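Please read these notes with the model open beside you. They go point by point.

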Amino acid sequence: MKKLSILVVDDDPVIRRLLQQRLQKANYDEIDVAEDGVIGIQMMSKKFYDVILTDLMMPNGVGGIEVLEAAKEINTDTEVVLITAHSSIDSAVEAMKKGAVDYLEKPINFDELFLRLDKIADVKTILRNAQDIQQAKDVTDHAASETIQDMELQISKLQNKIDELEAILRNSSINSEERIYQALDRIAED
Amino acid sequence: MIKITPAEIKTVAQYIYDISGIHLDSSKAYLFETRLSSIAEEHGCKSYSELHQQAKRDPAKAIERKIINAISTNETLFFRDKNPFELLKHKILPEIIDARAPRSPGMKTNIRIWSAAASTGQELYSIAITIKELIKNDPAYNFTLLGTDISDDAISQASYGKYNKFEIERGLDQRVLRQYFTLFGNTWKIKDEIRAMVNFRKFNLMQPFTGLGKFDIIFCRNVAIYFTLEDRKRLFNKIADALADDGFLLIGSTESLSGVCPQFIPKRHLRSIFYQKKA
């Protein structure tokens, strides 16, 4: 099973079914479908998807661009791939400027689609690994900083004591024996 | 990738030290190769000695700037280590605000803060956001926030205040992200209300601090680790001079000033320590 949750948003039932079947056959473990942009946005509000595959042109005033904007508003970790007719490539490029990760032309070349999805999955794996490394580093840093800061305060306290001892031992207004007693008292203090 | 020879490591390390104060030893050969190889190739150099010679001959210092940009580490994130910003919010800012309260009504409270190794700006913007959350838009306070860094590229990105999703999502919670940044495609830009609070400029910490003035709070975190002990001593002595007598210094959470600058004493507040000058 390939670990990517995918939401297909397309108002064309044939394409919707075709995408769902081919993705299932390609072993993607979690595929949901939405029959238009409005339903798609409702679904992504309730559940996180790694990838949203959305048609660019859809009815009811909620097209692929609106789906993209909503997806990024809900969670920036969701990647959006637009499916577009050749005639609307300019809009698809515009969508990429707004944060879409890629676009595919109709008719869909499924080998191309699976390559793009694999690339998204690879990037997500690398990111997760990087986050794991960062977290491990944070834990080590945190432990090191606690040790260093405790030592820093101890050293400062000891330095302060040494300065006071020096002042006592150099105090010529009292005799040597008294200086030693005062110094020993100071050492005994916490 | 062009391989570096032991003799070149010595020469190039000395050159990098001279132009930036960054101390690299022979154990960091990989750093020279991974960070400088593309600059050497771009300038048609077959070796690092050639790159060194070209950099020294370049009157416009363009290669020097590229080398500094490549060699300086810009590892940073918003609210890095969290504790210093809690300290700022709950201890340092309230104390400084009290101490700087104007003597007569109608006057403003002026507070100057310096992020001495600002890198790509995340630290200074985190400070600005902390202040904004605490002070809101109260006109009684006048904050001057300065961020400096030796790298042109870092300062340029900091000034632009634009970050990709990987830079932004480390350290920032969604509420702060949405409140103080605007999403443009795949990048987030700091909002004008925060951008207007800060200033960035290029500055080499090895140089004299003339013209910087006095600061109430200085953040000098995770930069001195790249310097020699002698340079660290000089740096923190200059910082002591640039800090108000009752000012606050914050260094990196794994850094220490023991044996570096006796003018500073460490003090603990909750889980953090900060430094103040000896009375």
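**Notes on the two-chain model**

1. In chain A, the C-alpha centres of domain 1 and domain 2 lie 66 Å apart. Domain 1 of chain A covers 2-108, and domain 2 of chain A covers 136-188. These bounds come from an automatic or database domain assignment.

2. A word on the basis. This is a predicted model, in which local features need pLDDT of at least 70 and side-chain atom pairs count only at pLDDT 80 or more, while totals for chains, interfaces and linings use all residues. Residues are numbered from 1 along each chain as its sequence is written, chains are lettered from A and ligands numbered from 1 in the order in which they are written, and side-chain values use heavy atoms, with hydrogens and water left out.

3. Two backbone features in chain A deserve a look. Most residues other than glycine have a negative phi, and most peptide bonds are trans. The peptide bond between A:K106 and A:P107 is cis, with omega about -5°. A:P107 sits in the loop between β5 (102-105) and α5 (110-169) of chain A. Helices (H or I, at least four residues) and strands (E, at least two) are DSSP runs, numbered from the N terminus. A:N60 is not a glycine, yet its phi is positive, about 65°. A:N60 lies in the loop between β3 (51-55) and α3 (64-74) of chain A.

4. Next, charge pairs. Side chains of opposite charge can pair when their charged atoms come close. Over all chains, the structure holds 34 salt bridges; each has a side-chain nitrogen of Lys or Arg within 4 Å of a carboxyl oxygen of Asp or Glu. One of them joins A:D29 and A:K3, with the closest N and O atoms 3.6 Å apart. That pair links distant parts of the chain: A:D29 is in strand β2 (residues 28-34) of chain A and A:K3 in strand β1 (residues 2-9) of chain A, 26 residues apart.

5. How much area do chain B and chain A bury between them? The figure is about 2,000 Å², 45% of it on carbon and sulfur atoms. Buried area here is the accessible area (1.4 Å probe) that two parts lose on being put together, summed over both. B:R178, B:T254 and B:R268 supply 21% of the area that chain B buries against chain A, more than any other three residues. The contact (heavy atoms within 4.5 Å) takes 26 residues from chain B and 26 residues from chain A.

6. Five salt bridges are counted between chain B and chain A. The side chains of A:E146 and B:R271 form a salt bridge at 2.8 Å, N to O.

7. Which elements give two or more residues to the side of chain B that touches chain A? They are α8 (165-168), β9 (264-269) and β10 (272-277) of chain B. β9(B) gives the most, with four residues. By class, this side of chain B has eight nonpolar, seven polar and eleven charged residues. Ala, Val, Leu, Ile, Met, Phe, Trp, Tyr, Cys and Pro count as nonpolar, Asp, Glu, Lys and Arg as charged, and the others, Gly among them, as polar.

8. Nine residues of domain 1 of chain B are in contact with twelve residues of domain 2 of chain B. The two domains of chain B bury about 830 Å² between them, 54% of it on carbon and sulfur atoms.

9. One salt bridge is found across that domain interface of chain B. The side chains of B:R65 and B:D152 meet in a salt bridge (3.8 Å, N to O). Six residue pairs are in polar contact between domain 1 and domain 2 of chain B, both residues at pLDDT 80 or more. On the domain 1 side, α1 (6-20) and α4 (62-71) of chain B each supply at least two residues.

How values were computed
Polar contact = N/O pair within 3.5 Å; in protein donor to acceptor, adjacent residues only side chain to side chain.
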